[in-house]
Amino acid sequence: MDERVDECIRASPRWSAEMAALRGVLLSTELAEDWKWRQPCYTHDGHNVVILGELRDSLILGFFKGELLADPAGVLEPNGPNSRSA
């Protein structure tokens with residue numbers, strides 16, 4: 001666990017409880033917690049898998065290369081039209 005993630009969660013005015021819950025789920029997997037781009041990032045074997053971040057009105061759990069994930073239940077949402085990342 002990275003202390004900067006603790007600080008990020010405590011500093012969140014709107015999403016602390018949700019971030020803490022998602023962090024618990026992510027840490028219950030084989031993912032390693034890291035701090036990249038001033039946000040919690042979770043990796044596997046040194047490769048970025050998912051990032052946890054706050055936007056103005058939402059909390060995101062963004063998957064790197066998410067387009068490659070199977071989503072039979074249809075719960076994942078694609079990036080918006082103005083997104084600059086995959």
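## Terms and basis of the model

A residue is called buried when its relative accessible area is under 20%, exposed when that area is over 50%, and partly exposed in between, with a 1.4 Å probe and protein chains only. Helices (H or I, at least four residues) and strands (E, at least two) are DSSP runs, numbered from the N terminus.

The model is predicted: local features need pLDDT of at least 70 and side-chain atom pairs count only at pLDDT 80 or more, whereas totals for chains, interfaces and linings use all residues. Residues are numbered from 1 along each chain as its sequence is written, and side-chain values use heavy atoms, with hydrogens and water left out.

## Helix 2 and its buried face

Met19, Arg23 and Leu26 are the buried residues of helix 2. Viewed down the helix axis, these residues fall within an arc of 65°, so they line one face of helix 2; the arc is that of the directions from the helix axis to the C-beta atoms. The face turned away from this buried side carries the exposed residues Ala17 and Val25.

The buried residues pack against helix 1 and against strand 1, strand 2, strand 3 and strand 4, where contact means heavy atoms within 4.5 Å. Helix 2 spans residues 16-27. From its first C-alpha to its last, this helix of 12 residues reaches 16 Å, close to the 16 Å expected at 1.5 Å a residue; the expected span is 1.5 Å times one less than the number of residues.

## The sheet and the helices across it

Four strands form an open sheet in the order 1-2-3-4, with antiparallel pairing; two strands pair if DSSP finds at least two bridges between them. Strand 1 (32-36) and strand 4 (59-63) stand at the edges with a single partner strand each, so one side of each has no neighbour in the sheet. From one strand to the next, the twist averages 25°.

Helix 1 lies across strand 1 and strand 2, at about 70° to strand 1. Helix 2 lies across strand 1, strand 2, strand 3 and strand 4, and runs at about 25° to strand 4. For these angles, axes are lines fitted to C-alpha atoms, for helices over the stretch in contact, and the angles run from 0 to 180 degrees between N-to-C directions.

## Strand pairs and hairpins

Strand 1 and strand 2 run antiparallel and are joined by five bridges. Trp35 stands opposite Pro40 in strand 2. The hairpin of these strands has two residues between them, and Trp37 takes a positive phi near 55°.

Strand 2 (residues 39-44) and strand 3 (residues 47-54) also run antiparallel, joined by four bridges. The bridge partner of Cys41 in strand 3 is Ile51, and that of Tyr42 is Val50. Two residues lie between the strands of this hairpin, and Asp45 in the turn has a positive phi of about 50°.

## The aromatic pair

The structure holds one aromatic pair. Rings of Phe, Tyr and Trp (its six-membered ring) pair if their centres lie within 6.5 Å; planes under 30 degrees apart count as stacked, over 60 as edge-to-face and the rest as tilted. The ring centres of Trp37 and Phe64 are 6.1 Å apart with planes at 35°, so the pair is tilted.

Trp37 lies in the loop between strand 1 and strand 2 and Phe64 in the segment after strand 4, so the pair ties together parts that are 27 residues apart in sequence. Trp37 counts as exposed at 55% relative accessibility, whereas Phe64, at 30%, counts as partly exposed.

Asp2 lies in the segment before helix 1 (3-11) and counts as buried at 12% relative accessibility. Leaving out residues up to four places away in sequence, Asp2 touches Arg23, Glu33, Asp34 and Trp35.

Arg14 is in the loop between helix 1 and helix 2. With residues up to four places away in sequence again left out, Arg14 touches Arg56 and Asp57. Arg14 and Arg38 are 24 residues apart in sequence and 17 Å apart in space, C-alpha to C-alpha.
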